[in-house]
Amino acid sequence: MDLREFSKFGGGAFQYVPPKCYELAGQKFELLMDDGYDIILNFVDKETLEWNYVNKEPKAPQVDKYSALKGDDAIYLVSWNLANVEFAKRQNFTFVIDLEQHLVTHLIASVGRNPRWPYLVDTEFVFGAIAQEGVEYKHYPRHGFSNDMIGNVVQWQYSPDMATVHAYYAPNWYRITYPRSAGASAAADATTDNFNGIVSALPSSDDPSHYVKIKDGVYLVSCTEQNMEKILGAKAGFRSDTLCFLDNYNHCYDVGRGFGTMTAPDGTDSDVFVMIGAYGKIQDPNDYKDILEAKNPYLV
């Protein structure tokens with residue numbers, strides 16, 4: 001029996017997603033954010049969250065459905081789509097809640113702010129700390145942008161038939177390709193061929209990225225498919241999706257979320273919001289030297 005036959009029931013990028021984490025249920029946090037707008041997060045139960053700003057609108061608690069995945073012993077990735085959005089068509093909040101260091105990173109992703117490319121996703125980061133009773137507030141230390149990962153190449157395996165290779169070659173850019181070894185199955189080879197067909201229509205696979213150090217060996221990586229959207233639009237199917245990954249290199253796995261839009265061949269749009277997970281395999285950079293050193297055609 002070929003056990004890979006069972007992988008067809010796994011669903012691509014979803015098979016290796018760990019179970020949702022419910023450890024935050026019943027907890028409430030006050031987040032002291034460096035942009036000056038503090039946030040209250042109240043995890044009412046396993047799926048319901050109440051949140052509000054302390055010193056700007058909305059001050060009244062907003063009720064949304066959240067998903068949480070565990071990235072390390074006391075570090076959580078929490079994400080939800082806002083039910084009420086004022087300044088964008090759609091918006092997603094993702095938090096790294098670090099109970100080990102009592103720090104927090106807030107990633108805001110918005111669709112619909114760009115009048116030329118209405119499907120384009122914009123991202124912004126805010127760093128902060130978790131308030132502790134009896135502990136004086138300080139604006140340091142913080143999670144922060146990092147160059148630690150630059151020059152590294154990692155293969156991420158989402159299922160037996162789905163793997164990608166990420167080349168982290170510049171502080172604000174990344175490149176994506178597929179493993180150069182033989183595919184594990186006909187399905188894996190078909191996925192690679194489809195990806196290569198899309199990339200061949202682009203100057204390159206370069207797209208914007210951000211790297212945030214959470215602690216030694218744990219990083220939040222945000223990648224947004226902006227160039228693909230600007231050039232291919234609906235032809236690619238996925239429209240400027242933004243992916244963020246909480247990469248744990250101490251155990252070589254990651255958890256994350258995807259947010260954006262999918263356009264079907266008939267022109268129908270569907271909202272994308274998924275939780276993802278993968279196992280990592282560090283690659284020898286020398287094997288991908290051409291990928292790491294290629295010129296970025298989107299820059300002067």
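Reader: Which residue in β14 is the bridge partner of Y174?
Author: The partner is D207. Note that this is a predicted model.

Reader: How do you know that strand β13 pairs with β14?
Author: Pairing takes at least two bridges. Strand β13 (residues 173–177) is joined to β14 by 2 bridges, so the two strands pair. They run antiparallel.

Reader: What makes β10 and β15 partners of β14?
Author: The bridge counts again. β10 (residues 144–145) and β14 share 2 bridges, in the antiparallel sense. There F145 stands opposite V212. β14 and β15 (residues 218–224) pair over 6 bridges, also antiparallel. With a cut-off of at least two bridges, both count as pairs.

Reader: Why is strand β14 called largely enclosed?
Author: Of its 9 residues, 7 are buried, so the rest of the structure largely encloses β14. Buried here means under 20% relative accessible area.

Reader: Is E229 buried or exposed, and how do you know?
Author: E229 has a relative accessible area of 4%. The limit is 20%, so E229 is buried. R239 has 7%, so R239 is buried too.

Reader: What makes E229 and R239 a salt bridge?
Author: The limit is 4 Å between the side-chain nitrogen and a carboxyl oxygen. The N to O distance for E229 and R239 is 2.8 Å, so the pair qualifies. E229 sits in helix α2 (residues 226–232) and R239 in strand β16 (residues 238–248), 10 residues apart.

Reader: Why does the pair of E23 and K70 tie parts together?
Author: E23 lies in the segment before β1, and K70 in strand β5, so the link spans 47 residues of sequence. The closest N and O atoms are 2.9 Å apart. E23 has 40% relative accessibility and counts as partly exposed. K70, at 29%, is partly exposed as well.

Reader: How do you know that E47 and K65 form a salt bridge?
Author: Their N to O distance is 3.5 Å. That is within 4 Å, so the pair counts. E47 lies in the loop between β2 and β3 and K65 in strand β4, so the pair ties together parts 18 residues apart.

Reader: How many salt bridges does the structure hold?
Author: The structure holds 11.

Reader: What makes the 9 strands an open sheet, and which are its edge strands?
Author: The order is β4-β3-β2-β1-β9-β8-β7-β6-β5, with antiparallel pairing. At the edges are β4 (62–65) and β5 (67–72), each pairing on one side only. The twist averages 25° from one strand to the next. Within the sheet, 9 bridges join β8 to β9.

Reader: What makes the largest nonpolar core a core?
Author: Its members are buried nonpolar residues joined through side-chain atoms within 4.5 Å. The core has 24 residues. L31, L41, F43, V78, W80 and F95 have the most contacts inside it. Several strands give two or more residues, including β1 (28–33), β6 (75–81) and β7 (90–98). Apart from it lies another core, of 16 residues, among them Y219, V221, F245 and I276.

Reader: Which residues does V78 touch?
Author: Among them are L24, F43, Y66, F93, F95 and I97, leaving out residues up to four places away in sequence.

Notes. Residues are numbered from 1 along each chain as its sequence is written. This is a predicted model: local features need pLDDT of at least 70, side-chain atom pairs count only at pLDDT 80 or more; totals for chains, interfaces and linings use all residues. Side-chain values use heavy atoms; hydrogens and water are left out. Buried means under 20% relative accessible area, exposed over 50%, partly exposed in between (1.4 Å probe, protein chains only). Helices (H or I, at least four residues) and strands (E, at least two) are DSSP runs, numbered from the N terminus. Contact means heavy atoms within 4.5 Å. Axes are lines fitted to C-alpha atoms, for helices over the stretch in contact, and angles run from 0 to 180 degrees between N-to-C directions.
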